[in-house]
Amino acid sequence: MKEQQEKQRQFPLPGFEESLQDGLFHEFLPYSDLKQWIPEGTIYENVIRNTPLLRLQNIRALSFLSYQGPQVSNDHFLEFFHTRLDHSLVVALTTEHILRQNGIAQDKINIGVLAALIHDIATPALGDATKKIDRQALDEEENWTEDMGDSAMKLLDDYGTSQSEIDSIIKNKGVLGHVLDIADRITYVMKDTYAVIGPIGERNTYVNMYFNTGDLTDILDRFPKIGNIFQDVGVDQRNGQVFFNNPNRLEAFLLLRAFLHQKLYLHPISQARDMFIGKLLEPLYSRTDKNKLSPFHLRTMNDHDLLNAIGNEYFPSKRIESYFPDLVNWFPQYERFDSEELAEKRRQELSQDENIAVIGIKESFGFDPATNYKVATRYKYVEFREFNPTGARQIEAIAESTKGIFLFWAD
């Protein structure tokens, strides 16, 4: 009996959070019914108190990215404020609900939530813009153990898991890893859409008018509770299958995610801004030079710390508040090529003009359209692309449109 009571304190039973008036954080998954306080005395608090998770409160989820409309020269940088901590907590809540609704054992739920909470813990300051200067040393999945500390690693023993098991889950292996991957994607799609669009019925008319968000709002009009897709995720414990029970909502979700990749994450202007920040950081970074920023520094700093370092190097007479808009409120020119040779030839031509600053050449490999997600039919599980070839082709065409070799420059 005492052991059972202890388990209930570690992880609240369904509906328990509704009776709480406050807690550590109040979190929600946009466009869904998932909204609750993170209560004290749970695995969430244990992770917050014994790991560097709170650093992510000062790491923005989207750094320098901005949603791009059709008239780029008239657009302005749309600053997003949601953080990696917010993301991590909601990924963990979503993971918890998916596992619990499928009757997964409590010890496995604990392990899944633990992995979800720390899956981004090694994200460097300024996020993806920084990671691109040294993908191997700064990848959060590969380096999540580097700055955990003894008390953090002891948590793994406390919850009956190991470093190798958590590593496997964070890298999306096995049932728990597959669920984490889905919860991660659901969370960033909902949070990022919410950052661009806002609440249903309170949409930002300025954003809708100037950034042409019709592709997103059309989906939300048809599926106002699209975030509840987490309720559609099933786990067949007999054969380890993870699947979706509502193909129509899955199609809408994958389409929404595809538009975000096309117009936000992988839009050439967003990528150029990240590349520009990376070029500012490269001279300040080294794996071995003790006088420069190391992977350890970047994994323990927050965004404000790193912006200060950039400012001290390039803008010593300015405050962050004055130069940050200058870093992002501009748009580059770009061209797309089918080969690096053609891009390089064009780069050399542009370099002859002293009024043009060439930022660089970058290949975009697109994104995984996730049309291989399984859906449940009456007799078997089939991939979404087999269940709905027409819908899958549209999503895959958007993914294909984001590929290419891009040359970026500015006046």
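Contact here means heavy atoms within 4.5 Å. Helices (H or I, at least four residues) and strands (E, at least two) are DSSP runs, numbered from the N terminus. This is a predicted model, in which local features need pLDDT of at least 70 and side-chain atom pairs count only at pLDDT 80 or more, while totals for chains, interfaces and linings use all residues. Residues are numbered from 1 along each chain as its sequence is written, and side-chain values use heavy atoms, with hydrogens and water left out.

Start with helix H3 (residues 84–101) and helix H4 (residues 106–118). In H3, Ser88, Leu89, Val91, Ala92, Thr95, Glu96, Leu99 and Arg100 meet Gln106, Lys108, Ile109, Gly112, Val113, Ala116 and Leu117 in H4. By class, this contact of H3 with H4 has eight nonpolar, four polar and three charged residues. Ala, Val, Leu, Ile, Met, Phe, Trp, Tyr, Cys and Pro count as nonpolar, Asp, Glu, Lys and Arg as charged, and the others, Gly among them, as polar.

The axes of H3 and H4 come within 8 Å and cross at roughly 160 degrees. Axes are lines fitted to C-alpha atoms, for helices over the stretch in contact, and angles run from 0 to 180 degrees between N-to-C directions. H3 and H4 are therefore roughly antiparallel (an angle over 145 degrees).

Now turn to H9 (174–197). H9 packs with helix H11 (residues 214–222) at an angle of about 110 degrees, their axes 11 Å apart. The two are therefore roughly perpendicular (65 to 115 degrees). Thr193, Val196 and Ile197 of H9 and Leu216, Thr217 and Leu220 of H11 make the contact. It has four nonpolar, two polar and no charged residues.

A pocket is an open set of points on a 1 Å grid over the protein atoms alone, where a 1.4 Å probe fits, with protein on both sides within 12 Å along at least five of seven lines; lining residues have an atom within 4 Å of a point. The largest pocket is lined by 44 residues, and Asp128, Lys131, Arg135, Glu140 and His261 lie nearest its centre. Its lining divides into 13 nonpolar, 10 polar and 21 charged residues.

The second largest pocket has its own lining, which includes Asn58, Arg60, Phe64 and His304. H15 gives the largest share, three residues. By class, this lining has five nonpolar, four polar and three charged residues.

Conventions: Parallel < 35°, antiparallel > 145°, perpendicular 65-115°, else oblique.
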